[in-house]
Structure formats: structure tokens, C-alpha cells
Amino acid sequence: MRKVFVKTLLELAQKDERIMLLTGDLGFTVLEPFRDAFPKRFFNCGVAEQNMAGIATGLAEAGFIPFFYSIVTFAVLRPYEFIRNGAILHQLPVRIVGVGGGFEYGSAGITHYGLEDIAVMRAQPGITVIAPADSAQARSAILESWNLPGPVYYRLSKDDRTVVSGLNGEFALGRAQVVRKGKDVAIISLGGISAEAAAAAEKLLPLGIDVSLVVIASVHPAPREDLARIISGHSLVFTVEEHYINGGIGSLAAEVIAENGLSARLVRLGVKQGYNGVSGSQGYMKKINGLSAEAICRAIQKSCRDDTPKVKLSRKAV
Amino acid sequence: MRKSNDFSGKIRKIIIEQCKRANVGHIGSALSIADLVGVLYDSILKMPADDHNRRDRFILSKGHAALAVYAALFLKKMISLEQLNGYCADGSLLGVHPEHFLKGVDFSSGSLGQGLSFGAGAALAARMQKSARRVFVLVSDGECNEGALWEAVMFSAHHKLANLTAIIDCNGQQAFGYTKDVLSLDPLAQRWRAFGWDVHEIDGNDPKAIKDTFEALDFSSGSPHAIIARTVFGKGVSYMQSQIKWHYWPMSDAEYQQALSEIKDNE
């Protein structure tokens with residue numbers, strides 16, 4: 001999604017001179033096309049993300065649309081209070097671009113993981129939060145949101161290749177995308193991990209479990225009506241997110257279930273444990289945290305088999 | 001004691017009256033910047049009300065002294081007496097810290113260490129838009145404890161934001177002690193200078209010195225400007241001066257009468 005982000009931003013910047021790009025000294029081999037095309041609208045603010053968020057606020061107040069770029073945790077957590085008291089409080093069109101949600105920076109370890117960004121960002125009224133599932137959806141999401149009057153947070157993946165089948169680049173603010181309709185259980189997945197959830201759904205079908213798969217990319221505004229409708233059609237619902245278990249879309253689904261008086265049981269799949277110093281590739285980290293396609297499959301099979309009340313499957317599970 | 005000019009004297013009187021009416025503190029912090037704010041609003045800031053492009057920006061980064069700015073906005077007829085009398089009342093836009101929802105305030109503040117970054121962005125924007133507008137950010141000395149402030153200091157010097165001026169209200173105090181005892185800032189002027197700023201050290205309670213210094217600055221090229229303004233905390237009210245408790249304390253009736261009479265004597 002990084003490449004499509006820069007490509008799309010370049011196209012927009014050619015048409016609209018308000019667009020600027022700031023970076024906290026990250027984006028080597030990614031941001032150069034923008035830097036080279038618009039050297040006067042590109043600023044490397046140095047390793048100083050709080051100031052970068054403040055600079056963006058001052059620029060936006062004067063009419064610019066500054067995008068500021070860093071790794072998720074450095075884009076969100078380090079300057080969080082600047083974002084809160086700056087772009088959000090003043091309702092200015094600052095764009096926060098965080099790259100590498102979840103475990104995407106694998107062996108770099110916990111300091112580089114993005115595991116609570118969705119929770120802290122969706123807690124704030126007045127900011128749009130977008131976590132695309134693949135590059136095509138990222139492009140649609142940027143095109144739909146770049147000119148919003150208030151701030152936007154984009155949680156983008158480094159992965160430029162993964163495609164979530166059935167998504168077809170669809171995106172709409174406040175809507176969820178149903179990429180697969182099944183009769184038995186529903187999976188609701190957050191952004192970048194949707195491909196794992198889709199693979200899990202594929203694996204479960206021959207095992208007798210027919211899965212609905214719903215992608216949430218518009219985290220805020222949240223697709224509450226879509227979720228209520230989809231959840232009410234299932235008795236067992238799973239949320240899948242490369243994020244801590246509390247505060248993300250699992251919590252969102254729980255809110256929708258409770259506030260609408262729905263009867264579905266919810267199983268939240270996400271990161272449950274604190275960090276113990278052990279790292280590895282993103283695939284490895286997903287696996288040991290129960291978020292690989294296989295682990296998602298196993299969790300769903302187990303819930304279908306063991307949990308009560310029992311789910312009535314459309315056919316006998318293998 | 002050097003006397004305030006008329007405008008700053010009026011600001012002081014409003015500070016005392018409003019703090020008593022609302023029964024709130026932060027009096028000493030507001031009094032220490034009365035001369036700085038007075039000169040800025042009366043003589044320096046170009047603020048044609050609705051010209052967003054040309055209007056200078058002023059950011060009170062030490063937001064807890066907002067009453068001094070409200071007083072200046074009132075004296076410049078940018079807010080009404082009714083609004084001013086709503087200071088710290090239920091449902092008022094005039095809280096302890098300034099909010100941009102109030103006309104005349106460009107940036108909300110209250111969390112120390114953020115205003116200079118906003119101001120550096122605003123100054124960069126002005127330069128990119130080829131506007132002659134300038135940006136003034138008033139920070140406190142205690143605020144220089146904040147690491148993020150120094151990020152903005154570096155950025156502004158690196159990009160030679162000559163249209164940006166930081167005014168450091170050096171009253172030597174912060175909420176829980178004297179700055180020299182809490183986290184020593186000395187030598188403050190040398191520090192700003194070492195970071196590449198054009199530094200001027202002045203008596204921050206001397207309106208003439210303040211005005212002369214601002215008027216001599218070159219906002220068109222060179223380094224950003226830092227005015228190290230040596231001020232007296234609680235300036236104008238003898239029993240408040242340099243006393244830590246007047247960071248938060250409200251006045252009794254007797255203290256109020258004494259404060260009013262001392263300020264009147266110095267007008």
C-alpha cells in the first residue's frame with residue numbers, strides 16, 4: 001500500500017497545490033517520487049514526530065493539506081497529544097500516515113509494532129480512521145478521503161502485493177465491505193489482516209463451516225449499521241485484527257452487539273499477551289499470536305465444536 | 001518600579017478584577033506577561049480582523065495565562081464586556097486556557113510545549129504562501145522543560161523561519177518551585193543561541209524595551225527570533241511577586257483590594 005499511497009498522492013498533488021508531504025525521517029526508497037516531483041512541498045522533519053504533528057497543524061491552519069508519514073507507532077503514539085490538541089481539536093485537514101500496523105515490522109520488535117493505534121485513534125471524536133485491506137482499497141480510500149475537512153489517520157501496510165479476493169478496491173466511509181456471504185459464522189476483519197481471514201474462510205468451507213467475511217477499513221466513522229445487519233444474521237461472530245484485543249474492532253463489534261441487543265456470541269481474535277522479547281517475521285508473530293490463517297481456522301473450528309450455545313451449522317462439520 | 005504603559009496597566013486591572021470575580025488563580029503568570037501582551041496587541045500585531053492571509057498569528061503557548069490575552073482582546077474590542085465577564089463561568093468560551101473557538105484566538109493551548117510547533121508550521125505556511133504575516137509565540141520558561149519544544153526550536157532554525165518570534169517569559173517560576181530548583185534552564189539565552197536563533201535578552205516588564213526590540217527585528221530573512229524576556233512573576237502586586245503560591249492561589253477580599261490599589265498607583 002505504500003507505493004500506491006505515494007502514487008496516488010503524486011496524482012493528487014499535481015492537481016492540488018495545497019498537498020504537502022512531511023516525514024519523520026522514514027520512507028527511504030518509498031517517498032522519493034514525491035520529494036523529487038515537489039521538492040518545495042516535501043519536508044523531512046527529522047526524527048521529531050511531535051514537532052512534525054505540530055508543524056502539520058500550523059500548515060493546515062493556513063490552508064495546506066499536509067500528510068505526515070512514519071511507522072504506525074511513531075506516527076500515532078509518540079505525537080498522540082499533539083494530534084489530539086492540534087489537528088483534532090482544531091478540526092484541520094492533517095493526514096496522518098502510519099505504515100506497518102500490527103507485526104509488520106516483525107524482527108524489529110515491540111518498539112516498531114502497531115498494536116494499539118486503532119484503539120487510541122477511534123477513541124477520539126473528530127478524526128477519520130481508515131485501515132485498508134489491500135492496495136486497491138487503499139487507493140479508493142485515499143481518493144474518497146483526502147479532501148475531508150477534518151483530520152484523517154491512514155493505517156497502511158508495507159505490503160504492495162496482497163489482494164483480498166472479492167474486495168475489488170471497494171471503499172466507502174462508514175460502510176463495511178462484505179466480500180463473502182456464508183451461512184454459518186461471520187468473520188469481521190480489520191484492514192491488512194483480511195487476506196489471512198479470507199484464507200481461513202477458504203479453508204473452513206471444505207471442513208463444513210460456511211463463513212461470511214466482512215472487511216472493516218472505515219474504522220471511524222464505524223460501519224455500525226452494516227455490522228448490526230451482518231451480525232444479526234449469525235449466531236457466532238469472530239473479529240480478527242492485528243492489534244491488541246481491547247479497543248479495536250473486537251470492541252467495536254461488542255459495542256454493536258450490546259447496543260443493538262443482538263444475540264450473537266462474539267469471539268475476539270487479536271493480540272492478547274504482552275511482549276516477552278521474542279520476535280520474528282510478521283508471519284511468525286501472527287502464528288504465535290493465533291492470527292495466521294491456520295490459527296484463525298482452528299479457533300473457529302474449536303468454537304463451533306466446543307462453545308455453548310452451539311452454533312447450528314448448515315451442514316455437518318468435518 | 002518601572003511603570004506599565006496605559007494598555008498594560010488596563011490589562012493588569014482586568015486580570016485582577018476577573019480573577020477575583022471568577023475566584024480563580026493563575027494570577028501571577030498572567031501579570032508577568034501583561035507588558036509583553038500589551039505591547040504586542042497595542043503596537044506590534046497586525047490583525048485586520050478577517051484577513052486570514054495577512055493577519056499576524058499570535059500563539060499563547062503558556063495557555064494558563066490566557067486572561068492577559070482576553071483582556072487585550074477586550075481592550076481591542078475583539079470580544080465584548082459580556083464575554084469577558086464570562087471568564088471561567090459555566091458555558092463560557094473564555095476558560096482558563098484559550099480556545100480557538102473564540103474569535104481572536106488562532107490556536108488553542110494549555111498543554112505546554114506544543115505552541116512553538118504550531119507556530120513553526122504557521123510560519124512555514126506564511127513563507128510558502130509568500131505572505132508577509134508573522135508569527136509570535138509566547139512560551140514560559142518552565143515550558144522549556146518540554147523536550148518537544150526543542151524539536152520546534154531545531155526545525156525553525158534549520159528552515160530559517162525569520163518570520164517566527166518566540167518570546168520566552170522568564171519569570172523564574174513554575175507550578176511547584178523556582179525554575180532554577182526544578183530543572184535548571186541556565187544559560188537560557190546561550191542555549192537558544194546555540195540552537196541557531198537570533199536571541200535578544202530584555203526586561204520583559206519594560207514596555208519601551210519590548211516595543212523597541214520587536215520593531216528592530218528583521219522578519220524577512222535570517223534566523224528565527226527569540227526574545228528572552230526577564231519578567232517578574234506577579235508583576236504589579238507586591239505580595240504576589242516571586243511567590244510560588246500565586247501560580248494557583250485566588251485572592252481574598254483584602255488581597256483583592258490591595259492588589260487593585262497597587263495596580264492603580266502604577267498606572
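Trainee: Which residues have the most contacts inside the largest nonpolar core?
Mentor: In soluble globular proteins, nonpolar side chains tend to be buried together. A nonpolar core is a set of buried Ala, Val, Leu, Ile, Met, Phe, Trp, Tyr and Cys residues joined through C-beta atoms within 7 Å; buried takes 20 or more other C-beta atoms within 10 Å of the residue's own, with C-beta atoms placed from the backbone. In this predicted model, local features need pLDDT of at least 70, side-chain atom pairs count only at pLDDT 80 or more, and totals for chains, interfaces and linings use all residues. Residues are numbered from 1 along each chain as its sequence is written, while chains are lettered from A and ligands numbered from 1 in the order written. The largest core here has 185 residues, and A:Leu22, B:Ile15, B:Ala68 and B:Tyr70 have the most contacts inside it. Helix α4 (residues 66-75) of chain B gives the largest share, 9 residues; helices are DSSP runs of H or I, at least four residues, and strands are E runs of at least two, numbered from the N terminus.

Trainee: What does B:Ala68 touch?
Mentor: Leaving out residues up to four places away in sequence, B:Ala68 touches B:Ile11, B:Ile15, B:Ala30, B:Ile33, B:Ala34 and B:Val37. Contact means C-beta atoms, placed from the backbone, within 7 Å.

Trainee: And what is the strand order in the open sheet of chain A?
Mentor: Strands of a sheet pair through backbone hydrogen bonds, either parallel or antiparallel. Here the 7 strands run β2-β1-β3-β4-β6-β5-β10, with mixed pairing; pairing needs at least two DSSP bridges.

Technical notes
A residue is buried if 20 or more other C-beta atoms lie within 10 Å of its own, exposed if 12 or fewer, and partly exposed in between; C-beta atoms are placed from the backbone. Two residues are in contact if their C-beta atoms, placed from the backbone, lie within 7 Å.
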